[in-house]
Amino acid sequence: MTQTAFARFRDAVLGGSRGVAAAALAFVYPPTCPGCQVLLGRHAGICGRCWSSLRFIERPYCEVLGVPFSHDLGSGILSADAIANPPPFARLRSAVVHDGLARTLVHGLKYRDRTDLAPMMAGWMARAGEALLSDCDAIVPVPLHRYRLLARKFNQASELARAIARQSGKPLLLGVLRRTRPTRQQIGLGANARRVNVQGAFSVTEAGRASLSGKRILLIDDVYTTGATVGAATRALRRGGAADVSVLTFARALADHI
């Protein structure tokens, strides 16, 4: 058998194996909507009713912080927060508002091992951050401390970043940024407490400095709340040699449109 024929045979066998595995998975774990558990025709999908409940963040929005405006104020308009408290990163974009189904998806990925949701969520992120992806040289996820990573078994930001890199073709840099100390969970903390909690909690590895030098980095996280975590991570990346940092998250906490 020639190498080409063997390769075709191998691919056919592997393809068949994947098909059998997918069918077995669908039998044991029928595809359901992560929002309401109604049966679906495929995994990693959402029913029409739950889809309509998602609040996607669309223009018009602040060109820096990506916070949506209730009406169009013209191109290049910044929010009051972006003017009064300029962030350390260049731009922020998020796919959806962090409520309802979006919160359920985040919790499913983060706490219930639903890593199968990451490609779907990443697709929405890539759409929301299309300009940021086009401009960046590489993608970096916000890291977990090694103790939390051991407990959780995976990093939700890394799962999203890996899927975005695969979909966009942009290089993924893992291990260049690390958490130097364990931090309290940010849930329940006020804005100032969040900043104090993550202050100095990130650093760039020695090997990471060569990878980051002069690069435009797109930093990935699951949720943007006050910006304390991505702000601290951005400062570490800039100190480590990154020329520019923008941020892309799946969801962002938002009281209402400005």
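Two strands are taken to pair if DSSP finds at least two bridges between them, where strands (E, at least two residues) and helices (H or I, at least four) are DSSP runs numbered from the N terminus. By that rule β5 and β6 run parallel and are joined by eight bridges, and Arg216 has Asp244 in β6 as its bridge partner. The model is a predicted one, in which local features need pLDDT of at least 70 and side-chain atom pairs count only at pLDDT 80 or more, while totals for chains, interfaces and linings use all residues. Residues are numbered from 1 along each chain as its sequence is written, and side-chain values use heavy atoms, with hydrogens and water left out.

The β5-β6 pair belongs to an open sheet of four strands, ordered β1-β6-β5-β2, with parallel pairing. Its edge strands are β1 and β2 (138-141), each of which pairs on one side only. Neighbouring strands of the sheet are turned by 20° against each other on average, direction ignored; here axes are lines fitted to C-alpha atoms, for helices over the stretch in contact, and angles run from 0 to 180 degrees between N-to-C directions. Helix α11 (residues 228-239) lies across β2, β5 and β6 and runs at about 160° to β5.

The interior can be followed next. A nonpolar core is a set of buried Ala, Val, Leu, Ile, Met, Phe, Trp, Tyr and Cys residues joined through side-chain atoms within 4.5 Å, and buried means under 20% relative accessible area, exposed over 50%, and partly exposed in between (1.4 Å probe, protein chains only). The largest such core has 37 residues, of which Ile46, Leu105, Ile139, Ile220 and Phe250 touch the most other members. Elements that each supply at least two residues of this core include β1 (92-97), α4 (100-111), β5 (216-224) and β6 (244-252), but the largest share, eight residues, comes from α5. Eight of the 11 residues of α5 are buried, so this helix is largely enclosed by the rest of the structure. Leu105, leaving aside neighbours within four places in sequence, is in contact (heavy atoms within 4.5 Å) with Pro34, Ile46, Leu117, Met120, Met121, Trp124 and Phe250. Apart from this core lies another, of 35 residues, among them Tyr61, Val67, Val204 and Ala233.

Charged side chains complete the picture. With a salt bridge defined as a side-chain nitrogen of Lys or Arg within 4 Å of a carboxyl oxygen of Asp or Glu, the count comes to 10. One of them joins Glu63 and Arg93 (3.6 Å, N to O), linking distant parts of the chain, since Glu63 lies in the loop between α2 (48-53) and α3 (80-84) and Arg93 in strand β1, 30 residues apart. Glu63 is partly exposed at 25% relative accessible area, whereas Arg93 counts as buried at 5%; together with Arg59 these two residues are linked in a network of salt bridges. Within helix α8, Glu159 and Arg162 lie three residues apart, about one turn of the helix, and their side chains meet in a salt bridge (3.2 Å, N to O).

Not counting residues up to four places away in sequence, Arg152 touches Lys110, Tyr111, Asp113, Leu144 and Gln185.
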